[in-house]
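Colleague: Let us go through this model together. I will ask, you answer.

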Amino acid sequence: AARLERVHGLKPAPPLAVLREIEAFVRSHHPRVELRVNVLRGGTAIAYPAGWRRARVAVFGGLCKLWRADREAAEAVLLHEVAHCRRGDFL
């Protein structure tokens, strides 16, 4: 987790409205998943391990743009990543 966060520049979510909405959506589907973000990097989202049986979802700037442009598509991307966390695929 530490290496992936360093390479991708991931940090805890700053208090931006769009990120609070995304975090609330993810937590409504899987309360134990933590969010890390880098809004300056392109791409959407990935699930990765944060420890034994702990998952994090990385959110990038592309997903924030998609959240505002086409929320249904952005929710589908996040649900896909949450499904990886539920099944343990992130390990």
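Colleague: What pattern does the protein chain follow, read along the sequence?

Modeller: This is a predicted model, where local features need pLDDT of at least 70, side-chain atom pairs count only at pLDDT 80 or more, and totals for chains, interfaces and linings use all residues. Residues are numbered from 1 along each chain as its sequence is written, and side-chain values use heavy atoms, with hydrogens and water left out. Helices (H or I, at least four residues) and strands (E, at least two) are DSSP runs, numbered from the N terminus. The protein chain has 4 helices and 4 strands, in the pattern α-β-α-β-β-β-α-α.

Colleague: What radius of gyration does the protein chain have?

Modeller: The C-alpha trace spans about 35 × 25 × 20 Å along its principal axes. The radius is taken over C-alpha atoms, and the globule rule is 2.2 Å times the number of residues to the power 0.38. For 91 residues a compact globule would have a value near 12 Å, and the protein chain agrees, with 12 Å.

Colleague: Which residues touch the most other members of the largest nonpolar core?

Modeller: A nonpolar core is a set of buried Ala, Val, Leu, Ile, Met, Phe, Trp, Tyr and Cys residues joined through side-chain atoms within 4.5 Å. Buried means under 20% relative accessible area, exposed over 50%, partly exposed in between (1.4 Å probe, protein chains only). The largest core has 21 residues, and the two that touch the most other members are Ile-22 and Val-59.

Colleague: Which element gives the most to this core?

Modeller: Elements that give two or more residues to the core are helix 2 (17-29), strand 2 (34-38), strand 3 (45-51), strand 4 (54-60), helix 3 (61-69) and helix 4 (71-87). The top contributor gives 5 residues: helix 2.

Colleague: Which residues does Ile-22 touch?

Modeller: Contact means heavy atoms within 4.5 Å. Leave out residues up to four places away in sequence, and the list is Leu-35, Val-59, Leu-63, Cys-64, Trp-67 and Leu-78.

Colleague: Is Leu-40 buried or exposed?

Modeller: Leu-40 lies in the loop between strand 2 and strand 3. In general, nonpolar side chains in soluble globular proteins tend to be buried together. Leu-40 has a relative accessible area of 82%, so this residue is exposed.
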